[in-house]
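Here is a friendly walk through a few spots worth a look. Keep the viewer open as you read.

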Amino acid sequence: MTESSSKTANTDYDVIIVGAGFGGLTAVHRMRELGFSVRLFEAGTDVGGTWYWNQYPGLKVDVESVEYSLSFSYVIEQEWSWSERYAGPQELCRYANFVADRLDLRRDIQLDTRIDSAEFDEDSGIWALTSNSGEKLRSRFVMMCTGMLNQPIKPQFKGLDSFEGKQYHSARWPKEGVDLSDQRVGVIGTGSSGVQIISTIASEVKHLHVFHRTPGYCLPLRNCKMPEEYSKRVKANYGEWRAAERYNSFGGWVALNYQIGELVTGSALDATPEEQQALFDERWKSGGLSFYNVYPDVYTDLEANAVLGKYLQAKIRERIKDPKLAEILTPTYPVLTKRLIAETNYYEVYEQDNVELVDLREQGIDEITPKGVRVGDTEYELDCLVFATGFDAMTGSLKAMDVRGRNGLTFAEHWDDGARTHMGLMSAGFPNLFIINAAGSPAPLFQPIILGQEQVQWVGRLLTQLAERELNCIEPSAEAEDNWGGLCEESVAATLFPLTDSWYLGNNVPGKSRTGLAYFGGMASYRQAMTDAEVCGYDGDFMLSTLPKGGN
Ligand code: NA7
């Protein structure tokens, strides 16, 4: 036990971490560095988090690999080299393994172990956790690094279980792969997962039916082998780029994209048509999600938004020969209010004779039958059905877990009317429990990998302060949570996001409240809130104490 450690005879560890994605790995490293005893539990058989669970065909990270990487270790930054501009899940898992090995994290990681429940004991101030194998564990602090897109959802269509063929969900794709050749495949959903699956399997399957409801803004990823010169340049300038991402940008990234490192400022409406065209053309040529770094008022002003929207709609129409299809596939909602979809040859797939789009805009899926999918009077016969229907984002994983705070309060109860957190880090009634990339944080819009690291650092400093002040219990007040919820609502109301249904707002899940799911005020102001809490010693919005009363 070190100076910082609050471990007592009553606990097994100071900090128990749940989830071995990048947030969890960062947390093990940081907590250990600060002298806390720590153990991470992961349900999967390997590290990698979302990339371990999501391994569907065609998956690529939609942020450049060099940006989508950990920044807390110079060694990791310099020693790891990405093979592709946008890595796939296998490479991302190799990277996670590299991090775990290089930083010697494995000795504190227990794989293949699901934490089923966690209960806070109010007298001792200690969390008691139980694993799927019945192992009982006790810790003073818990860090939930369970991911914001972890709980897949399947619409409960009539007859769902009657289907005689195989069913897969994009988020739980078998790691050994699936042989789809010679199969009649149906894909439901055309978000990022559906679009990447469709583009990849279209050439391999016998017949592909795409069940398509809302067209998205799909843009070429322009993936390629990592150019050597680019990789070197990034490694030499990592510090500068990362600082720009964190401190100055709204979204937590500056879109490196080979050349583009400058944040765009100024209104789209003040730019001349030639200037707009030049900027957008540059982004188009660069590929990926570089359109997130354009005139900031595209997020807040419908007229400015339409300038970009029209540009991208025209680009989409250009790629689709059949005018009827072009009409179905061209999005109409304000661009960027749902995540852009990064793809490779997606629209071109519809020119193949074996690919058929089923338009669900007017008439949705009526039922799943033993033979396939029925829409109106038509039954589409299938051998295999793929659900690319998304996630119960932000709140799903903790609501599904049996976590009990004060008075036995669960997250399912506490978040019944909307996600309530203070600063997207803690919830009232759940002392000493930290959530990385939680509801109420800017994670959905921005870069969870960057935000998660910031949050872990914040928690680390907080735990150190508590130890120095001989305190061991912290939780936000209900009032602080209310205020933060109000701020989240104000921040989203100031943008165009409420105009579109999406998982950002929770309205992809029937009956789910959209309150407080995310903070839309930008990375810079979020970081400021974290700093302010720290500077005032967490007093005010947080309640600090020592449990049991009178010391350990
Ligand atoms: P998304 O983006 O939530 O997409 C889910 C898709 O499933 C979307 O096209 C939905 O259509 C469709 N869907 C959902 N329910 C139905 C029903 N009942 N009928 C037809 N179609 C349906 O999830 P993804 O996994 O693609 O991506 C999630 C994030 O992961 C993504 O944003 C990236 O950040 C990575 P809808 O749009 O609701 O009409």
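The side chain of Asp179 makes a polar contact with the side chain of Ser181, at 2.6 Å. A polar contact here is a pair of N or O atoms within 3.5 Å; within protein, one must be able to donate a hydrogen and the other to accept it, and residues adjacent in sequence count only if both atoms are side-chain atoms. You will find Asp179 in the loop between β7 (166–169) and β8 (184–188). Asp179 counts as exposed because its relative accessibility is 58%; exposed means over 50% relative accessible area, buried under 20% and partly exposed in between, with a 1.4 Å probe and protein chains only. The C-alpha atoms of Asp179 and Val205 are separated by 8.9 Å, and the two residues are 26 apart along the chain.

A note on the model: it is predicted, so local features need pLDDT of at least 70 and side-chain atom pairs count only at pLDDT 80 or more, while totals for chains, interfaces and linings use all residues. Residues are numbered from 1 along each chain as its sequence is written, and side-chain values use heavy atoms, with hydrogens and water left out.

Is Asn437 buried or exposed? Asn437 is buried, with a relative accessible area of 11%, and is found in the loop between β18 (433–435) and α12 (448–468). A polar atom of the Asn437 side chain lies 3.1 Å from the backbone oxygen of Pro448. Leaving aside residues up to four places away in sequence, Asn437 touches several residues, among them Met148, Met394 and Leu451; contact means heavy atoms within 4.5 Å.

Now to the ligand. Which residues are closest to the ligand? They are Thr190, Ser193, Arg213, Thr214 and Lys338, out of 19 residues that surround it, where near means a heavy atom within 4 Å.

| Residue | Protein atom | Distance to a ligand oxygen |
|---|---|---|
| Thr190 | polar backbone atom | 2.9 Å |
| Ala388 | backbone N or O atom | 3.3 Å |
| Trp503 | side-chain N or O atom | 3.0 Å |

Taken alone, the ligand exposes 770 Å², and the protein buries 82% of that; these areas come from the Shrake-Rupley method with a 1.4 Å probe.

Finally, a helix. The buried residues of α8, including Leu308, Leu312 and Ile316, pack against β10 (218–220), α7 (273–286) and α9 (323–329). At the start of α8, a side-chain oxygen of Asp301 reaches to within 2.8 Å of the backbone nitrogen of Glu303. Helices (H or I, at least four residues) and strands (E, at least two) are DSSP runs, numbered from the N terminus.
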